[in-house]
Amino acid sequence: MSTLRKWIAHLSPVLHTLAEPLADAARFLYRRYRQFPVAYAALSYLFLTMAFSFYPVMDHWLTGFIMMSLPLAILCGLVASIYLLYKRQQMVATAGLIWVVFSFLVVKRMVGIRGGDLDISQAPTLSVLSFNSETFPTGAQGGFDAAKLTADIACFQEYSPNAHIERQYTATIQKLNCFDNDREVGLALFSKFPIVNEYGRIWSRQQGPDINGFLCADIAYGTDTIRVVNVHLWSMGVRTSQAVTALKAGQLGKFSFEVLDTFRRLKEGFENRNEQLKEVESYVAGSRYPVIICGDFNEIPIGYSYGKLSQNFRNAFEEAGQGLGFTLNRHPYFARIDQQFVSYDWHIKTCQTLSGVSFSDHFPVLAQYVLKKSATASTPVLAQNRPR
């Protein structure tokens with residue numbers, strides 16, 4: 001207790017010295033806020049949005065809406081900074097412009113602009129495919145070439161059993177539920193390497209269908225074991241095309257209903273994905289094995305799930321993709337909601353969206369990885385099955 005009193009005694013003069021300047025600064029900012037309330041509110045919202053995007057500390061559903069509004073927050077912050085500069089509020093305007101520039105550290109998640117870590121063309125490469133396949137074409141429909149969906153490891157969401165796919169792999173995990181009277185749909189993970197441990201779960205959903213869940217597999221790869229997670233987070237079922245159609249037809253009542261319904265579905269999605277992601281993270285947090293997490297996240301790169309995983313994992317497309325890489329093959333199209341994340345044990349060689357495979361409402365994502373420890377090692381030998 002005496003030590004605490006000594007510290008307080010030492011700090012008291014410092015706190016007393018700082019108190020007056022801090023109070024003056026607070027009074028100054030309050031006076032300026034009263035002069036320019038809208039501009040200051042816009043900058044404050046930009047600061048808040050950026051803070052959540054860098055570190056989403058709150059898992060409340062409101063966090064998802066705040067993070068999704070980042071592009072609007074950047075635009076408003078830029079306009080506010082220019083306005084304050086015009087009004088000769090140089091200090092706050094400059095701070096706002098600097099923060100707008102920093103925002104592009106988050107916006108870059110939307111675009112793949114690099115070609116991978118380094119030249120590792122001679123190292124053993126692992127290819128990983130992720131695809132929300134919805135329904136495979138049958139008969140004369142065409143458009144389905146199973147060879148295009150071949151990789152060392154393939155993770156499917158909304159998967160229906162398909163012999164053309166399955167015969168290409170030696171190990172498999174499937175968790176399927178009855179979707180309608182004649183079709184099962186769920187999650188599947190295929191591997192050309194032995195699966196030594198596995199766990200999976202389909203989350204229940206009121207009013208169904210129960211198609212969201214995850215599969216976790218420990219796979220013997222070379223002399224190592226790697227952990228691969230195939231995830232399909234809560235599907236929102238948002239169809240913006242219905243709202244657009246109603247607006248074009250002048251049906252304002254239906255348009256309003258669709259907008260409110262979209263908001264409700266987004267809120268429901270944020271709440272459930274936050275809880276689901278916690279469960280997925282429990283299988284990869286502190287893993288002693290190199291980790292790959294891939295699947296349909298049902299959120300864009302400035303969403304909560306992406307931001308949360310980005311704290312401990314790298315996004316393959318962000319670091320080794322090219323362009324925008326949209327993976328949604330339906331309205332509104334301009335969204336990348338299918339992702340692959342990897343731990344820092346991996347080099348990322350390539351990551352691409354296979355837009356030529358267009359029979360589903362999603363496009364597949366194919367990436368190539370090299371274990372850092374094997375980049376200079378000799379050709380590996382398959383590992384023996386290991387316990388978890």
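The exercises below, each followed by a worked solution, concern a predicted model.

Residues are numbered from 1 along each chain as its sequence is written, and side-chain values use heavy atoms, with hydrogens and water left out. Because the model is predicted, local features need pLDDT of at least 70 and side-chain atom pairs count only at pLDDT 80 or more, whereas totals for chains, interfaces and linings use all residues.

**Exercise 1. Chain totals**

Determine how many helices and strands the protein chain has, and what share of its residues is buried.

Solution. Begin with the DSSP runs, in which helices (H or I) need at least four residues and strands (E) at least two, numbered from the N terminus; the protein chain has 11 helices and 14 strands. Next, apply the accessibility classes, where buried means under 20% relative accessible area, exposed over 50%, and partly exposed in between, with a 1.4 Å probe and protein chains only; buried residues make up 47% of the 388 residues. Then take the contacts (heavy atoms within 4.5 Å): of those with a separation of 6 or more, 71% join residues 24 or more positions apart.

**Exercise 2. The faces of helix α5**

Compare the span of helix α5 with its expected value, and work out where its buried residues lie around the axis.

Solution. Helix α5 covers residues 90-102, which is 13 residues, and its first and last C-alpha atoms are 18 Å apart, close to the 18 Å expected; that expectation is 1.5 Å times one less than the number of residues. The next step is to list Val92, Ala93, Gly96 and Val100 as buried in α5. Viewed down the axis, the buried residues fall within an arc of 100 degrees, so they line one face of the helix, the arc being taken over the directions from the helix axis to the C-beta atoms. On the other side of α5, Met91 and Val101 are exposed. Ile98, also placed in helix α5, counts as partly exposed because its relative accessibility is 45%.

**Exercise 3. Salt bridges**

State how many salt bridges the whole structure contains, and describe the surroundings of the one between Arg201 and Glu279.

Solution. With the criterion of a side-chain nitrogen of Lys or Arg within 4 Å of a carboxyl oxygen of Asp or Glu, the search finds nine salt bridges. In one of them, the closest N and O atoms of Arg201 and Glu279 are 2.8 Å apart. This pair links distant parts of the chain, Arg201 lying in strand β6 (residues 195-202) and Glu279 in helix α9 (residues 252-281), 78 residues apart. Arg201 is partly exposed at 34% relative accessibility, whereas Glu279 is buried at 19%. For Lys278 and Glu275, the N to O distance is 3.4 Å, and since they are three residues apart in helix α9, about one helical turn separates them. In the salt bridge of Arg314 with Glu319 the closest N and O atoms are 2.7 Å apart, and both residues are buried.

**Exercise 4. Positive phi values**

Find where Glu134 and Glu158 are placed, and classify their accessibility.

Solution. Glu134, whose phi is near 55 degrees, is found in the loop between β2 (126-132) and β3 (153-159), and is partly exposed at 29% relative accessible area. Glu158 has a phi near 50 degrees, a positive value in a residue other than glycine; Glu158 is in strand β3 and counts as buried at 15% relative accessibility.
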